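Subject: Structure handover

Hello,

Here is the structure you were to receive. Notes on what was found in it follow below.

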Amino acid sequence: MAVRFVNNNAGVVLAMCRTVLLVFIAVLVLASADQNQSGLKVEKLYVPEVCDAKSKIGDQLTMHYTGTLVDGTKFDSSLDRDQPFTFQLGVGQVIKGWDEGLVDMCVGEKRKLTIPPELGYGEKGAGNVIPGGATLLFEVELINISDSPPTANVFKEIDSDHDNQLSREEVSEYLRKQMIEAEKGSGGDSEEVKKIMADHDKLVEEIFQHEDKDKNGFISHDEFSGPKHDEL
């Protein structure tokens with residue numbers, strides 16, 4: 001599962017758990033391709049003749065997508081569930097390759113994203129489905145663009161003692177609450193949520209490996225890559 005989250009706040013935690021937290025580039029002509037300095041490749045497969053609005057940072061996007069590895073192995077698809085995925089663009093709710101590769105997109109447009117590891121799940125991968133160092137291929141279709149509500153200050157929500165840094169205990173408790181909420185929202189039928197809850201301690205350590213840049217045992221406001229406000 002590469003980019004599908006249960007809800008906005010739980011989605012942030014799920015993204016962090018997968019060591020990404022959590023595709024701005026390129027205006028391309030139909031069926032053309034561009035490769036930026038980050039290694040992200042964006043191909044326009046279809047562009048509608050009428051395009052009244054294009055996606056921009058902060059928009060709420062609703063997408064269909066299919067994700068595969070370079071060998072053709074499919075690791076996730078919203079089409080298989082017949083359920084499009086909705087997220088806010090450019091605020092860290094999805095992998096960086098999506099935040100960068102889905103800007104200036106028309107409703108109805110289809111793209112293919114080739115995402116290098118550094119804009120996906122890095123050298124650690126994600127669970128058992130995405131190996132470390134994997135290049136990801138996504139075919140995506142933009143279904144809808146809407147205005148987004150104000151971004152949640154997830155850092156503040158996790159920082160229960162208000163000391164402007166996150167301890168393992170705070171992250172663990174926040175993660176536990178979000179997963180319980182997500183399980184209730186899914187009616188208790190989500191195998192993904194159950195697996196994450198079972199791997200709770202391991203996921204907390206993965207979050208700290210990714211976020212605790214100076215390895216002092218705490219995640220500072222500057223280090224935290226999830227949604228936050230500039231003010232503390």
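**The disulfide**

The structure, a predicted model, holds one disulfide. Its partners are Cys-51 and Cys-106, with an S to S distance of 2.1 Å. The torsion about their S-S bond is about -100°, so the disulfide is left-handed. Cys-51 sits in the loop between β2 (41-46) and β3, and Cys-106 in the loop between α3 (96-101) and β6, so the bond ties together parts that are 55 residues apart in sequence.

Are the two cysteines buried or exposed? Cys-106 is buried, at a relative accessible area of 2%.

**The cores**

The largest nonpolar core has 27 residues; those that touch the most other members are Met-63, Phe-87, Trp-98, Leu-102, Ile-115, Leu-136 and Phe-138. Two or more residues of this core come from each of β3 (60-69), β5 (85-88), β6 (110-115) and β7 (136-146). Another core lies apart from it and has 14 residues, including Leu-166, Ile-207, Phe-208 and Ile-219.

**Overall**

In total, the protein has seven helices and nine strands. Of its 232 residues, 48% are buried. The accessible surface comes to about 11,200 Å², and carbon and sulfur atoms account for 49% of that area.

Regards

Definitions and conventions
Residues are numbered from 1 along each chain as its sequence is written. This is a predicted model: local features need pLDDT of at least 70, side-chain atom pairs count only at pLDDT 80 or more; totals for chains, interfaces and linings use all residues. Side-chain values use heavy atoms; hydrogens and water are left out. A nonpolar core is a set of buried Ala, Val, Leu, Ile, Met, Phe, Trp, Tyr and Cys residues joined through side-chain atoms within 4.5 Å. Buried means under 20% relative accessible area, exposed over 50%, partly exposed in between (1.4 Å probe, protein chains only). Helices (H or I, at least four residues) and strands (E, at least two) are DSSP runs, numbered from the N terminus. Accessible areas come from the Shrake-Rupley method with a 1.4 Å probe; for residues, only the protein chains shown count as cover. A disulfide is a pair of cysteine sulfur atoms within 2.5 Å.
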